[in-house]
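Visitor: I would like to learn how to read side-chain features in a model. Please take me through them one at a time.

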Amino acid sequence: DEYEWFNVGFSPGKSRLSVYLMFDVNEEIELLGKLGKHQTGKGCLYLNKLDDVDLEVLKQLLQKSDRWVR
C-alpha cells in the first residue's frame, strides 16, 4: 500500500502545542538539553509556548524530521 504522510506536523491545543516528528526525539539528548521547557513522547514534542524554547534548536529538530526518508 502507498500513502502520503507529513514529515513534520503541528497541532495547536488549548494548553500546549504538539509537534509531530518522524523520528524518536528522545534520542536527541544533546538538542533536547538545549531546547528549553518541553515534554516529549516518542515522536512528539509538547511545548507550552514558543517563548519557552530556543527557536534555533527547534529549527534543527524540525529540519532533521523534514529530511527523514521512508
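Visitor: How many salt bridges does the count come to?

Guide: First, the ground rules. This is a predicted model, where local features need pLDDT of at least 70, side-chain atom pairs count only at pLDDT 80 or more, and totals for chains, interfaces and linings use all residues. Residues are numbered from 1 along each chain as its sequence is written, and side-chain values use heavy atoms, with hydrogens and water left out.

Guide: Now the general idea. Side chains of opposite charge can pair when their charged atoms come close. The rule asks for a side-chain nitrogen of Lys or Arg within 4 Å of a carboxyl oxygen of Asp or Glu. The count here is two salt bridges.

Visitor: Which side chain meets Lys64 in a salt bridge?

Guide: Glu28 does, at 2.4 Å from N to O. Lys64 lies in helix α2 (residues 55–66) and Glu28 in the loop between β2 and α1, so the pair ties together parts 36 residues apart in sequence. Helices (H or I, at least four residues) and strands (E, at least two) are DSSP runs, numbered from the N terminus.

Visitor: Is Glu28 buried or exposed?

Guide: Buried means under 20% relative accessible area, exposed over 50%, and partly exposed in between (1.4 Å probe, protein chains only). Glu28 is buried because its value is 17%. Lys64, at 33%, is partly exposed.

Visitor: Which residue forms a salt bridge with Glu30?

Guide: Lys34, with the closest N and O atoms 3.3 Å apart. Glu30 is exposed at 59%. Lys34 is partly exposed at 47%.

Visitor: Where does the charged end of Lys64 sit?

Guide: A charge sits over a ring if NZ of Lys or CZ of Arg is within 6 Å of the ring centre and within 35 degrees of the ring normal. The charged end of Lys64 sits over the ring of Phe23, 4.6 Å from its centre. Arg16 has its charged end over the ring of Tyr46, 3.9 Å from the centre.

Visitor: What does the side chain of Asn7 reach?

Guide: A polar contact is a pair of N or O atoms within 3.5 Å; within protein, one must be able to donate a hydrogen and the other to accept it, and residues adjacent in sequence count only if both atoms are side-chain atoms. The side chain of Asn7 reaches the backbone oxygen of Asp66 at 3.0 Å. Asn7 lies in the segment before β1. At 15% relative accessibility, Asn7 is buried.
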